[in-house]
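Here is a short briefing on one predicted model. Look over the sequence and structure before reading on.

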Amino acid sequence: MRIEPTHILVPGPARGRLLQCRHSLSLWGGVDVATGVIIDQRHDRRGDCITDRILALPSEKGSSTGSAILLELIRRRLAPAAILTIHRAPILTLGVIVADELYGRTLPILTISEHDFHTLEDNSMLHVMKRGVKWELLLETQN
Amino acid sequence: MELSARERDMLKGGDGEAAHFALSIIVRTGEALGAPRLRSIEHAHIDACALRSPSSLDFIQYLADNGGRVRVPTTTSMISLDLEHWEALGISRDLAEPSLAIAKAYLQVGCRPTWTCAPYQGAFVPQLGQAIAWGESNAVAYANSVLGARTNRTADYLDICAAITGRVPEVGLYLTENRRATRRIQLEPTPASSWTSPAAWGALGTLIGRLSDEQVPVIEGLPDIAPTSDQLKMLGAAAASAGSVGLFHLAGITPEAPDVESACQGDVPEAVLHVPCHQLREAWDELSSPTATGDVDAVVLGCPHFSDREFELLAAAIRQHPGATVHAHTQVFIFTSAAASETARRNGQLKILEDFGITLIRDSCPFYLPVVRPDARLLVTNSGKCAYYAPGELKVGVHYSDLEGCLHAAITGQRQDVDPPW
């Protein structure tokens, strides 16, 4: 299955298993910067680690320090492989742009439609890849 | 994106490497967000100084080392240290040094050292309609909603880039049409007397945060009251923690909402979310952890930073308990700015608080400076924001209460169940 993103906030390839969140997340106050584990006790995926996952959130919320946490997670190589949201995520986007400018490291951030967001299955294997000039999400079929 | 000749010159390095670097980040962000152009700002409030991390220092050090200089008046939010008193608080030099280096670099680029998450209560009060670039979610909610200034929820690092270039992407809440209320939240009628405690506003804020999704809410049905700055501070802080609220309107109260129709810019949504009183009560109750039992290890006040008025009220409340002091088992903290602390000292309130046994922390925040004992199990607070983040950040149970309840916990070391006021 292919999914066409609604916006490319940060382009780039990625591959990983989906971490599907029902709740929005503030990276500051929501994720332990030393481990990448979700610590927001009110979050549906508390205890799960976001490192190397395709993190799917309805939206970002909460602290404007989310960008600083994401930058530090990228520096420590504890960041997600990619981030998918329904609503544009300016704070997370800024964190990745700074990581690219400062350390030359990046990860893709894409928005997808609410319908597509809800068709995704937790833990499925996803690729973010370029087809022609367009970035798209490819769901790997399981054997 | 369309850039002016001035901006193109800055992007090419005409103003030096720091301005080039900062503007590159702003332009890339603007392009990602679909901004047609940049716009000027008149003030910046920096939240990027808060996090004590190597990347946080790398970033500002790069700007400082390459001639970065703020172009607009710029204040600083809290930092991971009480910059004057950290040794007396028992903070190790290893922990202090990165924060001291971060502080020094922000001062080197010309920031004013205010170190407060509540700049709107003294350090800098923006005007109605003024375009600013503020970080710190509670300050953003207050500036937009209560003062009618215009800022997005500026991400850490975009804030200092905006200060250095004087520019931000022209998107979001800078644009009048995006300030329109798109979600109506109608409260069941309540008596004015149920809204006297700032904790009531924190519970309302939590509920607004949850109910707003990505919309701009307008709240209808509050009784005819004039909320205080501290009450609105607690409302905005909680709403910005539980959700992504950067702007809320209170019909008949906040400046862009003389009535619902104005808040909606004439285009009133038909759909109304009705909030019965029991939902307010539940929001209050849910700010406490289900497992919040046992002795009170810590009481946290001043999240966001304690104001002059809060110092007055607390000192007066302590005077009602002559001879009482903080319980031997319990740590009691007030987080505030150095400026508010100095005012409280001059007014004689600080002595009352310190004699009572309260520890004052300036410049910082319970989540950035490790002063709450690591083995603490139960924390009492009157802040919806603190109650939201403490279980995850400090690994404690939380009991949510009002100022009186916090004072009771401080004296007895026991939690007191305060019924929600509705």
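**Domains of chain B**

The centres of domain 1 and domain 2 of chain B, taken over C-alpha atoms, are 28 Å apart. This is a predicted model: local features need pLDDT of at least 70, side-chain atom pairs count only at pLDDT 80 or more, and totals for chains, interfaces and linings use all residues. Residues are numbered from 1 along each chain as its sequence is written, and chains are lettered from A and ligands numbered from 1 in the order in which they are written.

- Chain B splits into domain 1 (5-177), domain 2 (180-286) and domain 3 (298-412); the bounds come from an automatic or database domain assignment.
- Domain 1 of chain B gives 16 residues to the contact and domain 2 of chain B gives 17 residues (in contact: C-beta atoms, placed from the backbone, within 7 Å).

**B:Asn152**

- B:Asn152 lies in the loop between helix H5 (137-145) and helix H6 (158-165) of chain B (helices are DSSP runs of H or I, at least four residues, numbered from the N terminus).
- B:Asn152 is buried, because 26 other C-beta atoms lie within 10 Å (buried means 20 or more).
- Leaving aside neighbours within four places in sequence, B:Asn152 contacts A:Pro90, B:Gly172, B:Leu173, B:Tyr174 and B:Gly246.
- The C-alpha atoms of B:Asn152 and B:Val168 are 9.4 Å apart.

**Helices H11 and H13 of chain B**

- B:Phe311, B:Glu312, B:Leu314, B:Ala315, B:Ile318 and B:Arg319 in H11(B) meet B:Gln349, B:Ile352, B:Leu353 and B:Phe356 in H13(B).

Conventions
Contact = placed C-beta atoms within 7 Å. Helix = DSSP H or I, 4+ residues; strand = E, 2+ residues; numbered from the N terminus. Buried ≥ 20, exposed ≤ 12 C-beta atoms within 10 Å, placed from the backbone.
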